[in-house]
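Subject: Structure handover

Hello,

The structure is below, sequence included. My notes on it follow.

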Amino acid sequence: MLTKNSEFTQIWRGLDAEPVSVFAQLAKREGAVFLDSSDESTNGTRPISILAAEPERVLRGHLSEPGELATWLEENRVDSGPDLGFPAGGAFGSINYDGQFNLGLYRELLIFCHQTERWFDVGGLSEKIDLS
């Protein structure tokens, strides 16, 4: 989801900056997330890895009463704009089978496109780590 205040830039990095090594720099930060769809059998979708850390907020609750989560998603929803092929912010975490959720709200992401071997920075997260 592209959030209203999201800005993104493309930053070129070769194979020396694989998602696993970049995530190693983020792993000890609060709310670190590594989502990976790099499997080649993704049914025609572009394989990407999404890295995030230090959410602006963490929400806990139940899907039957989404309250703050629904408000945040609505306030940050963008109905138009380019389809980037990846999210540019969002709510990442877990939802239990009983509907309990624990979600971090992220505006800063690093996205790695495995086909093109290119990094995209949403919100400036790359400025907080050493990608050299």
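The protein has 2 helices and 8 strands, where helices (H or I, at least four residues) and strands (E, at least two) are DSSP runs, numbered from the N terminus. From the N terminus on, their order is β-α-β-β-β-α-β-β-β-β.

On provenance: this is a predicted model, in which local features need pLDDT of at least 70 and side-chain atom pairs count only at pLDDT 80 or more, while totals for chains, interfaces and linings use all residues. Residues are numbered from 1 along each chain as its sequence is written, and side-chain values use heavy atoms, with hydrogens and water left out.

Overall figures

Of the 132 residues, 39% are buried; buried means under 20% relative accessible area, exposed over 50%, and partly exposed in between (1.4 Å probe, protein chains only). The accessible surface of the protein is about 7800 Å², and carbon and sulfur atoms hold 48% of that (Shrake-Rupley method, 1.4 Å probe; for residues, only the protein chains shown count as cover). Among contacts (heavy atoms within 4.5 Å) with a separation of 6 or more, 67% are between residues 24 or more positions apart.

Helix α1

Helix α1 spans residues 19-26, and its buried residues are Pro-19, Val-22, Phe-23 and Leu-26. They lie on the same side of α1 because they cover an arc of only 100 degrees around the axis, the arc being that of the directions from the helix axis to the C-beta atoms. Val-20 and Ala-24 are exposed, on the face of α1 turned away from its buried side. The cover over the buried residues of α1 includes β2 (33-36), β3 (48-52), β7 (109-113) and β8 (118-122).

An open sheet of 3 strands has the order β4-β6-β5, with antiparallel pairing; two strands pair if DSSP finds at least two bridges between them. Strands β4 and β5 (90-95) are the edges, each pairing on one side only. Antiparallel strands β5 and β6 are joined by 6 bridges, and Phe-92 stands opposite Gly-104 in β6. Helix α2 (residues 67-75) packs on the sheet, where it touches β4, β5 and β6, and its direction makes about 30 degrees with that of β6. For these angles, axes are lines fitted to C-alpha atoms, for helices over the stretch in contact, and angles run from 0 to 180 degrees between N-to-C directions.

Salt bridges

How many salt bridges does a search of the whole structure find? There are 5, with a salt bridge defined as a side-chain nitrogen of Lys or Arg within 4 Å of a carboxyl oxygen of Asp or Glu.

One of them joins Arg-29 to Glu-54, with the closest N and O atoms 3.3 Å apart. Arg-29 lies in the loop between α1 and β2 and Glu-54 in the loop between β3 and β4 (57-62), so this pair ties together parts that are 25 residues apart in sequence. Arg-29 is partly exposed at 25% relative accessibility, and so is Glu-54 at 35%.

Glu-54 also forms a salt bridge with Lys-128, at 3.8 Å between the closest N and O atoms. Lys-128 lies in the segment after β8, so this pair ties together parts that are 74 residues apart in sequence. Lys-128 is partly exposed, at 37% relative accessible area. A further salt bridge links the side chains of Glu-108 and Lys-128 (2.9 Å, N to O); Glu-108 is in the loop between β6 (100-106) and β7, 20 residues from Lys-128. Through shared partners, Arg-29, Glu-54, Glu-108 and Lys-128 form one network of salt bridges.

Regards
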